[in-house]
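This report describes selected features of one model, taking a helix, some backbone angles and the salt bridges in turn.

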Amino acid sequence: MSTLMIEPETDVGAEFQRRRFTVEEFQRMGEAGILEPEERVELIDGEVVQMTPVGARHNWSVIDLTEHLIRLTGDELQLAVQCSLQVGSEQLSPDFAVLRRGGRRDRVPQPEDCVLLVEVAESSVSFDSRFKARKYASVHIPEYWVLDLPKDRVLVYRRPEGGSYRDTMAHARGASFTSPALGGRTIQVADVLGAR
């Protein structure tokens with residue numbers, strides 16, 4: 001008697017359709033408690049995506065930068081910390097959004113409300129500087145910063161055109177740059193990055 005080994009099938013030929021969500025459905029999931037308030041999720045390309053966990057340095061950078069941006073925005077602008085932003089059919093959660101005053105209160109902030117977005121990146125530098133930069137440029141966010149904590153620098157993106165930023169600069173600790181979004185104020189990179 002012989003034994004025949006049967007190899008398990010690795011390709012069963014089934015294709016699965018993904019169910020994509022709209023921004024309205026995503027928001028209703030939060031309102032209904034399906035997504036917990038403490039969950040760090042964004043809606044990207046119709047899918048609920050878990051954001052990377054934040055560490056101590058990220059948290060302290062947000063705390064330090066909150067104080068600094070409050071001083072810079074003054075009475076002309078509003079500072080939103082880790083709030084939602086609807087970008088077309090997606091809902092993202094930048095660490096900071098500097099908004100024009102007078103935005104509609106019956107919806108989450110929209111790109112036209114924003115003059116500046118900021119992401120604090122410890123493990124998400126590549127995602128924030130590539131994917132999110134393209135997303136924000138495609139909806140004409142005039143200025144976007146990524147605090148690249150591992151390299152101790154600020155990446156500054158300006159002049160959105162055709163889905164990308166025409167001006168991109170990297171500024172190391174000790175340098176400064178001018179921010180058109182903040183009224184032409186000179187920004188000290190060390191102030192933005194905070195203490196090490």
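## An arginine in strand β9

Arg159 is partly exposed, with a relative accessible area of 43%, in a model that is predicted. The residue belongs to strand β9, which runs over residues 153-161, and its phi is near 60 degrees, a positive value in a residue other than glycine. Most residues other than glycine have a negative phi.

## Further positive phi angles

Gln82 likewise has a positive phi, of about 50 degrees, although Gln82 is not a glycine. Its place is in the loop between β3 and β4, the latter strand comprising residues 85-87, and with a relative accessible area of 41% Gln82 is partly exposed, because it falls between the limits of 20% for buried and 50% for exposed.

A positive phi is also found at Gly74, where the value is near 55 degrees and the residue follows helix α2.

## Helix α2 and its surroundings

Helix α2 takes in residues 56-73, a run of 18 residues, and spans 25 Å from its first C-alpha to its last, which is close to the 26 Å expected at 1.5 Å a residue. An α-helix has 3.6 residues a turn, so residues three or four places apart point the same way. The buried residues of α2 are His58, Ser61, Val62, Leu65, Thr66, His68, Leu69, Leu72 and Thr73. The elements that cover these buried residues include the strands β3 (77-81), β6 (96-100), β7 (114-121), β8 (143-148) and β12 (185-188), together with helix α4 (189-193).

When neighbours within four places in sequence are left aside, Thr66 is in contact with Leu79, Val81 and Phe96.

## Salt bridges

Side chains of opposite charge can pair when their charged atoms come close. The count of salt bridges in the model comes to 12. Among them is the pair of Arg104 and Asp106, whose side chains meet at 2.9 Å from N to O; Asp106 counts as exposed, at 58% relative accessibility. Another salt bridge joins Glu112 and Arg107, with an N to O distance of 3.9 Å. In this pair Glu112 counts as exposed, at 51% relative accessibility, whereas Arg107 is partly exposed, with a relative accessible area of 23%.

Asp152 forms a salt bridge with Arg173, and the closest N and O atoms of this pair are 2.6 Å apart. Asp152 lies in the loop between β8 and β9, while Arg173 lies in the loop between β10 (164-172) and β11 (176-179), so the pair ties together parts that are 21 residues apart in sequence. With a relative accessible area of 13%, Asp152 is buried, whereas Arg173 is partly exposed, with a relative accessible area of 21%. Both residues also belong to a network of salt bridges that links Arg57, Asp152 and Arg173.

Notes:
Residues are numbered from 1 along each chain as its sequence is written. This is a predicted model: local features need pLDDT of at least 70, side-chain atom pairs count only at pLDDT 80 or more; totals for chains, interfaces and linings use all residues. Side-chain values use heavy atoms; hydrogens and water are left out. Helices (H or I, at least four residues) and strands (E, at least two) are DSSP runs, numbered from the N terminus. The expected span of a helix is 1.5 Å times one less than its number of residues. Buried means under 20% relative accessible area, exposed over 50%, partly exposed in between (1.4 Å probe, protein chains only). Contact means heavy atoms within 4.5 Å. A salt bridge is a side-chain nitrogen of Lys or Arg within 4 Å of a carboxyl oxygen of Asp or Glu.
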